[in-house]
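Visitor: I am new to this structure and would like to learn how to read it. Please take me through its features one at a time.

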Amino acid sequence: MESLSKDVNVDVLQKIKKGILTGNVNNLKKITQTALNNASIFQDETSISIAIISYAIYKLIERKRFVEIEIPISIYRDIIKSLENSSLSISNNNQKRLKQNLRVLFESINKLDGRLPIYIGEILEKAKVKKAYMIHEKGISLARAAELMGTSQWELMHYIGKTRISEHISKKIDVKTRLNFTRGLFGL
Amino acid sequence: MKILLFDTGPIISMTMNHIIWSLKLLKKQFKGKFYITEAVKKELIDKPLRTKKFKLEALQTLYRINAKTLEIKTAPGLDSKTDYLLKLANTCFKYDSHYLKIVQYAEIETLALALIIKADAIVIDEKTTRLLVEDPNKLEKILSYKIHRKVSIDQTNLKKFITAVKGVNLIRSAELVSIAFELGLLDKYISNRPNAKKELLEALLWGIKLEGCAISEKEIRMIDKLERKNF
């Protein structure tokens, strides 16, 4: 893992842990942005996993504010512990241990399924699509963004159509030129 | 023989708007071939057939292939040309010394095939590949602004890429459905409401946009204006 990506990932994980402990939703939101920028640039498995995890945890904490639910302390502890262990694995360049820790982290978040009025499992799936959109918004191609986040282009096209991502388009070839060219192709 | 190559996006946006059937009629008017690459076929059909979501849409696309409206095309030298273009495309922009991988194999394979078989145009909805071919400076600005880092262009690689893809024409599903509208292929959707034709065109363009075609509201208004003679 590149050392720049490594440092950012360690920083993100530590800030997520702090965000959970303080319940500071705004900080968690900022962290997801940083994680996403990192994932867009380096596009490695670790950065992408951390981007998804940070978003899932942010949504979890955000929803907890508005819905009166009990998240068992044991699960909080598991998540915090996995964040610490992941951070340590990155610092020690221990890829094998890192993969295990990230898997435990995903499993801990998934355990919350059924304990909340919403389906937490879906958060992870939706997180992938949302993150893929955000990566695409940064200039990475749609297919590449979908590939990086492990979602389909069908899903992503369906999602990005509802956003304002297409409002700032290059004027190099204007729509009149493109339309006239297409007319020519069809003999009009 | 005239050739139109399709990327994944336009097939998706037209299928999701239930107008993919119009491709058959468009092809008749075009008097040529509509092709997709194997990689595009994998994205459109193979992947969603392994899941439950978008499985029906994948089957609808498969029907078009079986009916020969769309044909899967390859060509000698496609792999090596794709690899060459992909390597160039993904080494055009960098942050610090790190190259940004901005495009994926399927998109570039379509580009490569278009060059080999001298396609008249590629139908592609997503904006990054289009910007890379048509306006890379704009793409660099977007990358820099959105990633919040200074992104620079590797001018040598960009120049090689632009030279390699010179002559490729790109259109979108938005232009395609506008032509379908002009040709009257979608007239069955004209109701007896006031301004029915204008309403149909608006519905088509917004439908395409809402299913992922990179067209702006301003461009939709422009097409509306350009098509007024057909109302």
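This is a predicted model: local features need pLDDT of at least 70, side-chain atom pairs count only at pLDDT 80 or more; totals for chains, interfaces and linings use all residues.

Guide: A term comes first: helices (H or I, at least four residues) and strands (E, at least two) are DSSP runs, numbered from the N terminus.

Visitor: Is B:F54 buried or exposed?

Guide: A residue is buried if 20 or more other C-beta atoms lie within 10 Å of its own, and exposed if 12 or fewer. B:F54 counts as buried because it has 24 C-beta neighbours inside 10 Å. Its backbone deserves a look too: B:F54 has a positive phi of about 65° although it is not a glycine.

Visitor: Which other residue has a positive phi although it is not a glycine?

Guide: B:D96 is one, with a phi of about 60°. B:D96 sits in the loop between β4 and β5 of chain B. With 12 other C-beta atoms within 10 Å, B:D96 is exposed.

Visitor: How many helices and strands does chain B have?

Guide: Chain B has twelve helices and eight strands.

Visitor: How do strands of a sheet pair?

Guide: Strands of a sheet pair through backbone hydrogen bonds, either parallel or antiparallel. Here, an open sheet of five strands in chain B has the order β3-β2-β1-β6-β8, and its pairing is parallel. At the edges stand β3 (71–72) and β8 (170–171) of chain B, each with a single partner strand, so one side of each has no neighbour in the sheet.

Visitor: Which strands pair with β1(B)?

Guide: Strand β1 (residues 2–6) of chain B pairs in the parallel sense with strand β2 (residues 32–36) of chain B over four bridges. In that pairing, B:I3 stands opposite B:K33 in β2(B). Three bridges join β1(B) to strand β6 (residues 121–123) of chain B, also running parallel. There, B:L4 stands opposite B:A121, and B:L5 stands opposite B:I122.

Visitor: Where is antiparallel pairing found?

Guide: It is found in an open sheet of three strands in chain B, with the order β5-β4-β7. Its edge strands are β5 (98–99) and β7 (151–153) of chain B, each pairing on one side only. Strand β4 (residues 93–95) of chain B is joined to β5(B) by two bridges. The bridge partner of B:K94 in β5(B) is B:Y99.

Visitor: What packs on this sheet?

Guide: Helix α8(B) packs on it, touching β4 and β7 of chain B. The direction of α8(B) makes about 160° with that of β7(B).

Visitor: How should I read a helix?

Guide: An α-helix has 3.6 residues a turn, so residues three or four places apart point the same way. For a case, take helix α7 (residues 127–134) of chain B, which is mostly covered: seven of its eight residues are buried.

Visitor: Which residues of α7(B) are buried, and what covers them?

Guide: The buried residues are B:K127, B:T128, B:T129, B:R130, B:L131, B:L132 and B:V133. Their cover includes α7 (142–149) of chain A, as well as α5 (78–89), α6 (105–116), α8 and β8 of chain B.

Visitor: How many residues from chain B and chain A take part in the contact?

Guide: The contact takes 57 residues from chain B and 39 from chain A. On the side of chain B that touches chain A, helix α8 (residues 136–147) of chain B gives the most, with six residues. The residues on that side divide into 25 nonpolar, 13 polar and 19 charged.

Visitor: How does the radius of gyration of chain B fit a compact globule?

Guide: A compact globule of 231 residues would have a radius of gyration near 17 Å; chain B has 19 Å, which agrees. The C-alpha atoms of chain B fill a box of roughly 60 × 40 × 35 Å, taken along the principal axes. Of the residues of chain B, 46% count as buried.

Visitor: Into which domains is chain B divided?

Guide: Domain 1 covers 78–104 + 127–167, and domain 2 covers 174–230. The C-alpha centres of these two domains of chain B lie 32 Å apart.

Visitor: In chain A, where is A:R77 found?

Guide: A:R77 belongs to helix α4 (residues 73–91) of chain A. A:R77 is exposed, with 11 other C-beta atoms within 10 Å.

Terms used:
Residues are numbered from 1 along each chain as its sequence is written. Chains are lettered from A and ligands numbered from 1 in the order in which they are written. The radius of gyration is taken over C-alpha atoms; the globule rule is 2.2 Å times the number of residues to the power 0.38. Domain bounds come from an automatic or database domain assignment. Two residues are in contact if their C-beta atoms, placed from the backbone, lie within 7 Å. Ala, Val, Leu, Ile, Met, Phe, Trp, Tyr, Cys and Pro count as nonpolar, Asp, Glu, Lys and Arg as charged, and the others, Gly among them, as polar. Two strands pair if DSSP finds at least two bridges between them. Axes are lines fitted to C-alpha atoms, for helices over the stretch in contact, and angles run from 0 to 180 degrees between N-to-C directions.
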